[in-house]
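Hi,

As promised, I am passing the structure on to you.

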Amino acid sequence: LKLYPLLLLIVLSSCSSVKVTSDYDTKAEFKTYKTFAFYKKGIDKAKISDLDKKRIMRAIEKELVAKGYTKSSNPDFLVSIFTKSRERVSINNNNNFGWGWGYHPWLGMNQNIRVNQYTEGTLFIDIIDKNKNELIWQGIGSGAMRMKNPKKKEKRVDTFVKEILSDYPPEDQAEK
């Protein structure tokens, strides 16, 4: 029973952060890749609005350019995305001790239960070797996406992309 507050803290903190993982082809020569382009066929398949696709692509481009890559019509690698989402519910039971109704009549315990429904989004960013037409790196980020305001949504997308691409290129494969 004492684990309940700890579990609740983990659930609530996971709502605001982005959980990231990545995988890559250990045989790929990441230091040879200098230019990129977006893989339109893959991006068109993503089941999100065109506005969200634009937000994601702008954020990816910004991060890759900041890492020294150049967007090109004859790229070394292609970038594609895939998305998934699901509805989540978290329950926060704040037991506040003080005067009021509750289990301990001499002390009282106020029950303050909050139910929070949100969308958990997962963004996959795929890096594909253009010449070999092979996936060489994939980054995955999952976290809460409950923004309705376009500016807040854009900031959240920027955070997702920045966190995911923080693992690209792989440290042991990056140019020294």
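A residue counts as exposed when its relative accessible area is over 50%, as buried when that area is under 20%, and as partly exposed in between. By that cut-off Asn133 is exposed, because its relative accessible area is 61%. Please keep in mind that this is a predicted model.

For background, most residues other than glycine have a negative phi, and most peptide bonds are trans. As for its place in the chain, Asn133 sits in the loop between β5 (109–129) and β6 (134–144).

The backbone also has a cis peptide bond, which joins Tyr168 and Pro169, with omega at about -10°. Pro169 belongs to the segment after α4.

Now for the overall picture. The protein chain contains 4 helices and 6 strands. Read from the N terminus, the order of the elements is α-β-β-α-α-β-β-β-β-α. Of the 176 residues in the protein chain, 35% are buried. If you take the contacts with a separation of 6 or more, 71% of them are between residues 24 or more positions apart.

Next, the helix pair I would like you to see. Two packed helices are described by the angle between their axes and the distance between the axes. For helix α3 (residues 50–66) and helix α4 (residues 150–165), the axes come within 9 Å and cross at roughly 45°. The crossing in which α3 passes α4 is right-handed.

Which residues of α3 and α4 meet? From α3 the list is Asp52, Arg55, Ile56, Arg58, Ala59, Ile60, Lys62, Glu63 and Leu64, and from α4 it is Pro150, Lys153, Glu154, Val157, Asp158, Val161, Lys162 and Leu165. Sorted by type, the residues of this contact are 8 nonpolar, no polar and 9 charged.

That brings me to the salt bridges, of which the count comes to 8. Here are three of them, with their surroundings.

- Asp52 and Lys153: their side chains meet in a salt bridge at 3.5 Å, N to O. Asp52 lies in helix α3 and Lys153 in helix α4, so this pair ties together parts that are 101 residues apart in sequence. Asp52 counts as buried, at 15% relative accessibility, whereas Lys153 counts as partly exposed, at 22%. Together with Arg55, these two residues are linked in a network of salt bridges: Asp52, Arg55 and Lys153.
- Glu61 and Lys71: the closest N and O atoms of this salt bridge are 3.3 Å apart. The pair links distant parts of the chain, with Glu61 in helix α3 and Lys71 in strand β3, 10 residues apart. Glu61 counts as partly exposed at 28% relative accessibility, and Lys71 is partly exposed with a relative accessible area of 45%.
- Asp44 and Lys40: the side chains meet in a salt bridge at 3.1 Å, N to O. Both residues lie in helix α2 (residues 40–45), 4 residues apart, about one turn of the helix. Asp44 counts as partly exposed at 44% relative accessibility, while Lys40 is exposed, with a relative accessible area of 57%.

Is Pro75 buried or exposed? Pro75 is buried, because its relative accessible area is 6% and buried means under 20%. Pro75 is found in the loop between β3 (70–71) and β4 (77–97). Leaving aside residues up to four places away in sequence, Pro75 touches Thr35, Phe36, Ala37 and Lys130. Take Ala37 from that list: Pro75 and Ala37 are 38 residues apart in sequence, yet 5.8 Å apart in space, C-alpha to C-alpha.

That is what I have for you so far. Happy browsing, and do write back with your questions.

Best wishes

Methods: Residues numbered from 1 in each chain as written. Predicted model: local features only at pLDDT ≥ 70, side-chain atom pairs only at ≥ 80, totals over all residues. Heavy atoms only, no water. Axes fitted to C-alpha atoms, helices over the stretch in contact; angles between N-to-C directions. Helix = DSSP H or I, 4+ residues; strand = E, 2+ residues; numbered from the N terminus. Left-handed = near helix turned anticlockwise from the far one by under 90°. Contact = heavy atoms within 4.5 Å. Nonpolar A, V, L, I, M, F, W, Y, C, P; charged D, E, K, R; others polar. Buried < 20%, exposed > 50% of the residue type's maximum accessible area, 1.4 Å probe, protein only. Salt bridge = Lys/Arg side-chain N within 4 Å of Asp/Glu carboxyl O.
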